[in-house]
Amino acid sequence: MKGTVIAGTNNLFTVECEDEVTRNCTIKGKVIKTEKEFYNPIAPGDIVEVEPDPLNDEKGQIISLSERKNTFLRWNVKGRCPQLLASNLDYLILVTTPDEPPFRPRFTDRALAQAEHQGITPVIVCNKWDLAENMQTDGRAEEYEEIERRLTIWEALGYKVLRLSAKTGEGMTEFAELLEDHLSAFVGQSGVGKSSLINVMDNSCVLKTGSLSKKYGRGAHTTTKGTLIHLTLNETLTEGVQGRKANIIDTPGIRRFVLDDIEAEALAMYFREFEPFVGKCKFGMNCKHITEPECAILEAVERGDITPERYDSWKRISHEIQTGSWED
């Protein structure tokens with residue numbers, strides 16, 4: 001029978017089967033054939049075929065993997081291979097914050113490039129927006145303006161950007177409306193409040209939330225493995241309508257997002273505003289877009305078709321790919 005993978009580690013997976021029984025399953029033969037080798041062969045959101053254990057109805061074996069609509073993944077540096085985070089997504093929710101932990105736009109730009117490469121619709125969520133509003137009155141107005149500028153740049157590129165606060169409830173109704181009847185994965189650094197957002201959307205969810213390190217301004221890993229959660233949306237977010245649903249894959253906090261299967265030469269194809277100019281330089285596909293004459297991308301920066309911020313981000317990420325040295 002068919003089933004949906006809810007969570008799993010090593011060779012033990014929780015699968016919600018079509019007969020409404022949730023089974024703990026292992027992979028039959030411990031091998032699932034995929035197009036390439038992964039750190040983990042199966043991710044939350046995967047559809048699999050399960051052979052129930054005839055002696056224990058709460059157990060079974062995964063005998064095959066259905067074709068995926070898409071996958072979101074990153075390069076696992078320790079495992080030296082790609083790590084699947086979620087499969088068959090409608091939305092990739094990239095959660096960031098203006099502060100606590102600090103705003104890191106290049107983390108978001110990396111994840112956006114990976115989402116473009118995988119063909120997944122990303123949504124940028126800036127949680128803890130109440131902290132951004134406080135910046136305007138506590139002597140950090142310039143910092144606030146820079147964050148707002150970055151968010152506006154992404155919006156101008158066609159990305160949906162939501163400014164939310166799990167603490168105050170700001171923007172949560174619109175967020176719940178977006179997620180309803182869809183499967184979305186929450187991805188972001190530790191401490192950005194992914195679990196807090198889920199707790200607000202469904203009162204029955206009591207996910208553990210963590211505090212930030214005072215020394216580094218980073219969050220602890222409160223979510224240790226990716227898990228698919230079925231939400232019944234809070235009635236206060238649905239105009240009092242009961243029973244509205246959303247499906248969320250809550251992924252562990254990522255300190256360093258490393259791109260998978262994107263070469264430095266191809267990175268511009270996954271920056272939306274760069275793509276129209278790729279191949280139109282004097283040196284064609286051999287152009288490095290740094291100092292070359294008649295470079296279509298450099299000319300686009302001069303005209304304002306590509307912002308200096310995104311060009312700088314592309315250049316830095318390209319350098320990271322080439323050197324293998326990735327920033328947090």
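This is a predicted model: local features need pLDDT of at least 70, side-chain atom pairs count only at pLDDT 80 or more; totals for chains, interfaces and linings use all residues.
Reader: Which strand and which helix each supply at least two residues of the lining of the second largest cavity?
Author: The cavity in question is lined by Val-95, Thr-96, Pro-102, Arg-104, Phe-107, Thr-108, Gly-188, Gln-189 and Val-192. Strand 8 covers 91-96 and helix 1 covers 105-118. The elements that each put at least two residues into that lining are strand 8 and helix 1.

Reader: Which peptide bond is cis?
Author: As background, most peptide bonds are trans. Look in the loop between strand 8 and helix 1, where Pro-101 lies. Omega is near 0° for the cis bond from Glu-100 to Pro-101.

Reader: What is the relative accessible area of Asn-88?
Author: Asn-88 is found in the loop between strand 7 (81-87) and strand 8. Its phi is near 60°, a positive value in a residue other than glycine. Asn-88 counts as buried because its relative accessible area is under the 20% cut-off, at 16%.

Reader: And what about Lys-128, is it buried or exposed?
Author: Lys-128 is in the loop between strand 9 (122-126) and helix 2 (129-135). Phi of Lys-128 is near 60°, again a positive value in a residue other than glycine. With a relative accessible area of 19%, against a cut-off of 20%, Lys-128 is therefore buried.

Reader: How are helix 4 and helix 5 placed relative to each other?
Author: Helix 4 is residues 172-179 and helix 5 is residues 194-201; their axes come within 11 Å and cross at roughly 85°. Angles of 65 to 115 degrees count as roughly perpendicular. Helix 4 and helix 5 are therefore roughly perpendicular to each other.

Reader: Which residues make the contact of helix 4 and helix 5?
Author: The axes of these helices come within 11 Å. By class, the contact has seven nonpolar, no polar and no charged residues. Helix 4 brings Met-172, Phe-175, Ala-176 and Leu-179, and helix 5 brings Leu-197, Val-200 and Met-201.

Reader: How do the residues of the contact of helix 3 with helix 7 divide?
Author: The axes of helix 3 (residues 141-156) and helix 7 come within 10 Å and cross at roughly 85°, which means helix 3 is roughly perpendicular to helix 7. Glu-146, Arg-149, Arg-150, Ile-153 and Trp-154 of helix 3 meet Pro-308, Glu-309 and Arg-310 of helix 7. By class, the residues divide into three nonpolar, no polar and five charged.

Reader: By class, which residues does the contact of helix 1 with helix 7 have?
Author: Here the axes come within 10 Å and cross at roughly 75°, which makes helix 1 roughly perpendicular to helix 7. Arg-106, Asp-109, Arg-110 and Leu-112 in helix 1 meet Arg-310, Ser-313, Arg-316, Ile-317 and Glu-320 in helix 7. The count by class is two nonpolar, one polar and six charged.

Reader: Last one: what is the relative accessible area of Asn-203?
Author: Asn-203 is in the loop between helix 5 and strand 12 (227-232). Its C-alpha atom is separated by 19 Å from that of Ser-184, 19 residues apart along the chain. Exposed means over 50%, and Asn-203 is exposed because its relative accessible area is 60%.

How values were computed:
Residues are numbered from 1 along each chain as its sequence is written. Side-chain values use heavy atoms; hydrogens and water are left out. Axes are lines fitted to C-alpha atoms, for helices over the stretch in contact, and angles run from 0 to 180 degrees between N-to-C directions. Helices (H or I, at least four residues) and strands (E, at least two) are DSSP runs, numbered from the N terminus. Angles under 35 degrees count as roughly parallel, over 145 as roughly antiparallel, 65 to 115 as roughly perpendicular and the rest as oblique. Contact means heavy atoms within 4.5 Å. Ala, Val, Leu, Ile, Met, Phe, Trp, Tyr, Cys and Pro count as nonpolar, Asp, Glu, Lys and Arg as charged, and the others, Gly among them, as polar. Buried means under 20% relative accessible area, exposed over 50%, partly exposed in between (1.4 Å probe, protein chains only). On a 1 Å grid over the protein atoms alone, a cavity is a set of points where a 1.4 Å probe fits but cannot get out, and a pocket is an open set with protein on both sides within 12 Å along at least five of seven lines; lining residues have an atom within 4 Å of a point.
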